[in-house]
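Subject: Handover of a structure and its findings

Dear colleague,

Please find below the structure that I am handing over to you. My findings follow it.

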Amino acid sequence: MDPKLDPFTTLLDLKLGTFDPERGPVQVRTQEDLRGFFQADPPRPDELVYRVMPVPVPTENSEIQCSTTVLEPGTVGDEYYMTKGHFHAVRDRSEIYIGLAGEGCLVLATEDGRHRVEPIREGMVNYVPGGWAHRSVNVGDEPLVFFAAYVGDAGHDYATIERDGFPVLVCRGDDGPVVTDNPHYRP
Ligand SMILES: O=P(O)(O)OC[C@H]1O[C@H](O)[C@H](O)[C@@H](O)[C@@H]1O
């Protein structure tokens, strides 16, 4: 075969999640960008919630998309800062996370309403099988940093999550994080 890409190497800072050299445009998400994903309206719309730093490769199923996500500590209402969360547009595409720093959890859900909550911490590998929507949540006081890799043509379906939500919410409780049923969840 005639190779489509040249090999490349980049250095990943295992604590900060940054690439050197930076490889692609950093995606920034503020509280305002997450309006409708949190239960409450954003109290400080301009405040940074997370950044996604990509290793850009063509979005074809023969390539592997890689990125790091840095999710700040904080809350909107009682809910800890979290990513929007998504199904893969091509539903059967899978993904792998590797925890680099901080303390978080990965909320997973199927379209028929099953859910799981898995820990994300330094050194943990989380496998996200096809058909499971996934959202990461920072339940600690430091940035949550993780690396993710997924099949190139997976795509992101945010609309289903924006409409239905996840079955559970991860909220700040008196003695730490509490997972509660989402009263607005509609599978
Ligand atoms: O896309 P979000 O649900 O906002 O999550 C933020 C990011 O988390 C992980 O890194 C995923 O692999 C990325 O595809 C995703 O963009």
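Predicted model: local features only at pLDDT ≥ 70, side-chain atom pairs only at ≥ 80, totals over all residues.

Residues are numbered from 1 along each chain as its sequence is written.

Strands, like helices, are DSSP runs numbered from the N terminus (strands are E with at least two residues, helices H or I with at least four). Two strands are said to pair if DSSP finds at least two bridges between them. Strand β10 (residues 103-109) pairs with β11 in the antiparallel sense over 7 bridges. On β13, 6 bridges join the strand to β10, and the two run antiparallel. Within that pairing, glycine 104 has asparagine 138 of β13 as its bridge partner. Together these strands make an open sheet of 3 strands in the order β11-β10-β13, with antiparallel pairing. Its edge strands are β11 (115-121) and β13 (133-138), each of which pairs on one side only. Neighbouring strands of this sheet are turned by 25° against each other on average, direction ignored; the axes behind such angles are lines fitted to C-alpha atoms (for helices over the stretch in contact), and angles run from 0 to 180 degrees between N-to-C directions.

The six-stranded sheet

A further open sheet is formed by 6 strands in the order β3-β4-β5-β14-β9-β12, and its pairing is antiparallel. Here β3 and β12 (125-128) are the edge strands, each pairing on one side only. From one strand to the next, the twist averages 20°. Within this sheet, β9 and β14 pair in the antiparallel sense over 6 bridges, and glycine 99 has phenylalanine 146 in β14 as its bridge partner.

The nonpolar core

A residue counts as buried if 20 or more other C-beta atoms lie within 10 Å of its own, as exposed if 12 or fewer do, and as partly exposed in between, with C-beta atoms placed from the backbone. A nonpolar core is a set of buried Ala, Val, Leu, Ile, Met, Phe, Trp, Tyr and Cys residues joined through C-beta atoms within 7 Å. The largest such core has 33 residues, and those with the most contacts inside it are Cys105, Val107, Leu108, Ala133, Val137 and Val170. Strands that each supply at least two residues of this core include β4 (48-55), β9 (95-101) and β16 (168-173). The largest share, 5 residues, comes from β10. Strand β13 is mostly covered, as 5 of its 6 residues are buried.

Two residues are in contact if their C-beta atoms, placed from the backbone, lie within 7 Å. Leaving aside its neighbours within four places in sequence, leucine 108 is in contact with residues including Glu118, Val128, Trp132 and Ala133.

Strand β17 (residues 176-181) is hardly covered: the count of buried residues among its 6 residues is 0. Cysteine 171 is found in β16 and is partly exposed, because 17 other C-beta atoms lie within 10 Å. Apart from its neighbours within four places in sequence, cysteine 171 is in contact with Asp78, Glu79, Tyr80, Val178 and Thr180. Its C-alpha atom is separated by 9.6 Å from that of valine 137, 34 residues apart along the chain.

The ligand is surrounded by Val52, Ser67, Thr69, Thr83, Lys84, Gly85, His86, Glu95, Ala148, Tyr150 and His156, where a residue is taken as near if its C-beta atom, placed from the backbone, lies within 6 Å. Strands β5 (64-71) and β14 (144-151) each supply at least two residues of this shell.

The peptide bond from aspartate 20 to proline 21 is cis, with omega near 0°. Most peptide bonds are trans. Proline 21 lies in the loop between β2 (19-20) and β3 (27-30). The loop between β3 and β4 holds aspartate 33, which is partly exposed, with 16 other C-beta atoms within 10 Å.

Yours sincerely
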